Amino acid sequence: MIDGAAQKAAILVEALPYIRRFSGKVVVVKYGGNALAGTSEHDALALFAEDIVLMRLVGMRPVVVHGGGPQITELMTRLGKQSEFRNGLRVTDAETVDIARMVLIGQVNPQIVSAINVHGNFAVGVSGEDGGLIKAVARDPELGFVGDVETINPEVLVGLLADEFIPVIATVGTDANGQAFNINADTVAGAIAEALDAEKLVYLTDIEGLRRDVDDPQSLIRQASAAEIESLIADGTIAGGMIPKVESCTHAVRNGVRAAHILDGRIAHVLLLEIFTDQGIGTMLSREV
């Protein structure tokens, strides 16, 4: 019993300098649809919510940006529509963008908000359409209603953070005519982190981090610079759906965000293990190592 108590005390002491360092800092956390699926071992969403609330209670200012790719694909399949991807981005016709809005705003966003609010009235759900938060432009006519971030209007988020709420953002944006666009959540998270001058940008997904050899768990990259990651994209080591994630990481750290992290959201309390321990658990990217 004493050993267990001493171990807990040691963990708290290890976390103390990080709590001090990050108090008052904005941390943007992108919670992917794959992470949301969780594992059979535990309720990933409930543990994620605990991590976010603890971060908030020790003085950090978390902002959650969520995806919902698997959930969108599931509903499309149930409706008899086939998903098509190009370079990790979903081809989105008018019907598909409506499905994406239903899933992101009507299903995934309330799930995350409710999980956080089990621990108190902290979370507020918003979409990129609210208050002109995300202004979008079409990325490529061949992708349909897939958008790129044109501008972020952070006023809505700044107001919520000032009132000590945790914003939970669904990544649907609109153009100047009010047309809705489905925007890659990785890209949105990076843009929001930049707009809020965030200390950290964290991606929770279904891999433990970046590997130099995709098939070798021992090749996990613990730390890397933006230039090193860009080289791995250029030589094909990083490909497919990881490209938008790492491109937004490198862009963010080159534009004021102090560090970006890629973590396995299925691991219990992975946020706390990465942010509040000396060793960390995933991949951390910075402008320079």
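Begin the tour at the crossing of helix 8 and helix 9, which is left-handed in this predicted model. To display the pair, select residues 226–234 for helix 8 and residues 242–253 for helix 9. The axes of these two helices come within 10 Å and cross at roughly 155°. Since angles over 145 degrees count as roughly antiparallel, helix 8 and helix 9 are therefore described as roughly antiparallel to each other.

Next, show the side chains where the two helices meet. On helix 8, select Ala 226, Ile 229, Glu 230 and Ile 233. On helix 9, the partners in the contact are Val 246, Glu 247, Thr 250 and Val 253.

Now move to Glu 142. This residue is found in the loop between strand 6 (134–138) and strand 7 (146–152). Is Glu 142 buried or exposed? Glu 142 counts as exposed, because its relative accessibility is 56%.

As a last stop, select Asp 206 together with Glu 142. The two lie 64 residues apart along the chain, and a distance of 28 Å separates their C-alpha atoms.

Terms used: Residues are numbered from 1 along each chain as its sequence is written. This is a predicted model: local features need pLDDT of at least 70, side-chain atom pairs count only at pLDDT 80 or more; totals for chains, interfaces and linings use all residues. Side-chain values use heavy atoms; hydrogens and water are left out. Helices (H or I, at least four residues) and strands (E, at least two) are DSSP runs, numbered from the N terminus. Buried means under 20% relative accessible area, exposed over 50%, partly exposed in between (1.4 Å probe, protein chains only). Axes are lines fitted to C-alpha atoms, for helices over the stretch in contact, and angles run from 0 to 180 degrees between N-to-C directions. Angles under 35 degrees count as roughly parallel, over 145 as roughly antiparallel, 65 to 115 as roughly perpendicular and the rest as oblique. A crossing is left-handed if the near helix is turned anticlockwise from the far one by less than a right angle, and right-handed if clockwise. Contact means heavy atoms within 4.5 Å.
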